[in-house]
Amino acid sequence: MVKSIQVIILLLLIGCEEPCKSDCSINIYSELPQNEDGAYILNWNPNLVTTYSHLYVETTCGLHTKVSWDSDTQYQLSSVDWTNLINPASMTDEDGNAKVMFGAWEPFIGYTVTVYCGYTDLCGVHHTDSIQITIVNEE
């Protein structure tokens, strides 16, 4: 009888737990200019091997959230080594913001690269966003 009451109390405690509410969001942006389609424009610098730019993400989930980054394009360093055009991860600051480096090599002039960013909040909800960056050579 005592064991039955303990089981019932345990089930009530578990059953009455508030469901996790996710009010988090994500927004990727850049300080690069944009074209008429909304893609950001990265102007190739011929004086560098790789042309870089910061990308930024705003989340509403606060301090020390790991955000993962990826792109739809990779660069072949050797016959067996490939690298992404963006660092794979960054951490948010106390305001929920993070930044990462995007870099393009000369063979990507004329390409439009899609960059993805995402994170999973404390409720287990996965938030994602993407932007496009077109690499141009406007010498």
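Trainee: Which residue in β3 is the bridge partner of Y29?

Mentor: Y56 in β3 is the partner of Y29. This is a predicted model: local features need pLDDT of at least 70, side-chain atom pairs count only at pLDDT 80 or more, and totals for chains, interfaces and linings use all residues. Residues are numbered from 1 along each chain as its sequence is written, and side-chain values use heavy atoms, with hydrogens and water left out.

Trainee: How many bridges join β1 to β3?

Mentor: Five, with β1 (residues 26-30) and β3 running antiparallel. Strands pair if DSSP finds at least two bridges between them.

Trainee: And how do β3 and β8 pair, and over how many bridges?

Mentor: They pair in the antiparallel sense over nine bridges. Strand β8 covers residues 97-105. There, F102 is the bridge partner of S53.

Trainee: Is β3 mostly covered or mostly open?

Mentor: Mostly covered. Seven of the ten residues in β3 (residues 50-59) are buried. Buried means under 20% relative accessible area, exposed over 50%, partly exposed in between (1.4 Å probe, protein chains only).

Trainee: Switching topic. How many helices and strands are in the protein chain?

Mentor: One helix and ten strands.

Trainee: What share of the whole chain is buried?

Mentor: 35% of the 139 residues.

Note on methods. Helices (H or I, at least four residues) and strands (E, at least two) are DSSP runs, numbered from the N terminus.
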